[in-house]
Amino acid sequence: MKTPKNAPKIKQLKQAIAFNTFRVLSLSVVLMLGIILSFIIIKGIGAISWEFLTAMPTEGMTKGGIYPAIIGTFCLVAGSMLFAFPIGVLSGIYTNEYIKDGLPKRFIKQMTNNLAGIPSIVFGLFGMSLFVNTLHFGDSILAGSLTLGLLTLPVVIRTTEEALKSVDDSFRLGSYALGATKLQTVRKVVLPMAFPNIITGLILSIGRVSGETAPILFTVAAYFLPKLPSGIFDQVMVLPYHLYVISTSGTNIEATRPIAYGTALVLVTIVLLANLLANGLRRYFGNKVKMN
């Protein structure tokens, strides 16, 4: 069967259509993000001031600043990462490097996927039952951090597994050939090479923790608390819950709407700064691996 003379042109046309389709879809995502950020900036920039960022809320959160909510958000992000990141990384190392392919490994992966699919409000109810009531932590930073840590644990585990898979087996075999043990190979060879990609899990986790409302509603968030926490067993105000309250409660929502947009802008800025910091760490460790 003869190939039509215009077959190369048809292939080039299909390829051009496919590439342009992907290009349009990618630009649409960027455009949508730009529209959302522009909307928040335009609506919220008027509320941003030094007093707004550093003052305590007053008059039932209708005036004053959001300083306690900012500090509370940082406390929860730090606490949840201190819990989820080490456990998630160690779990990912165990499932990828130590368990052989088989039923136990498939079972662990399936349970991890199921854990990632549980709605966040269910995590909130579980955290309230276990940490707040059973362990008697009360509504506190500790209970909220542990709940958010459980929420983000599957993300850290899966990104760690994928990062470890990206390391070529030749590095492991070379390490074994030099007489290194399994633990030495993982600690000295595999983990340093995979660590820049493991940071991706940290980035995704920070973004999710910063914006969650349902879990902290049951475990830590305070409606109006114009003071800073003094310990891990204190309640705190948190930016997502603060944004929800001032947007839906009260008799004069229109008057508090600028505060809501300003709070949203601060929350988005914190997430963006955290992502930039994590990306900086990723590049730093990536360059360090290349130099070695």
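I am working with a predicted model, where local features need pLDDT of at least 70, side-chain atom pairs count only at pLDDT 80 or more, and totals for chains, interfaces and linings use all residues. Residues are numbered from 1 along each chain as its sequence is written, and side-chain values use heavy atoms, with hydrogens and water left out.

**Cavities.** I searched the whole structure and found two cavities of 30 Å³ or more. A cavity here is a set of points, on a 1 Å grid over the protein atoms alone, where a 1.4 Å probe fits but cannot get out; lining residues have an atom within 4 Å of a point. A volume is the space filled by probe spheres set on the points, which are joined across faces, edges and corners.

**Largest cavity.** I noted about 40 Å³ of space in it. Its lining includes Thr-73, Leu-148, Glu-212 and Pro-240. Helix H3 (67-98) and helix H8 (182-211) are the elements that give two or more residues to this lining, and H3 has the largest share, with three residues. Helices are DSSP runs (H or I, at least four residues), numbered from the N terminus.

**Second largest cavity.** This one holds about 30 Å³. Among its lining residues I listed Phe-52, Lys-63, His-242 and Ile-259.

**Surface.** Ile-35 lies in helix H1 (residues 7-44). I logged Ile-35 as partly exposed because its relative accessibility is 47%, and partly exposed falls between buried (under 20%) and exposed (over 50%), with a 1.4 Å probe and protein chains only.

Terms used
On a 1 Å grid over the protein atoms alone, a cavity is a set of points where a 1.4 Å probe fits but cannot get out, and a pocket is an open set with protein on both sides within 12 Å along at least five of seven lines; lining residues have an atom within 4 Å of a point.
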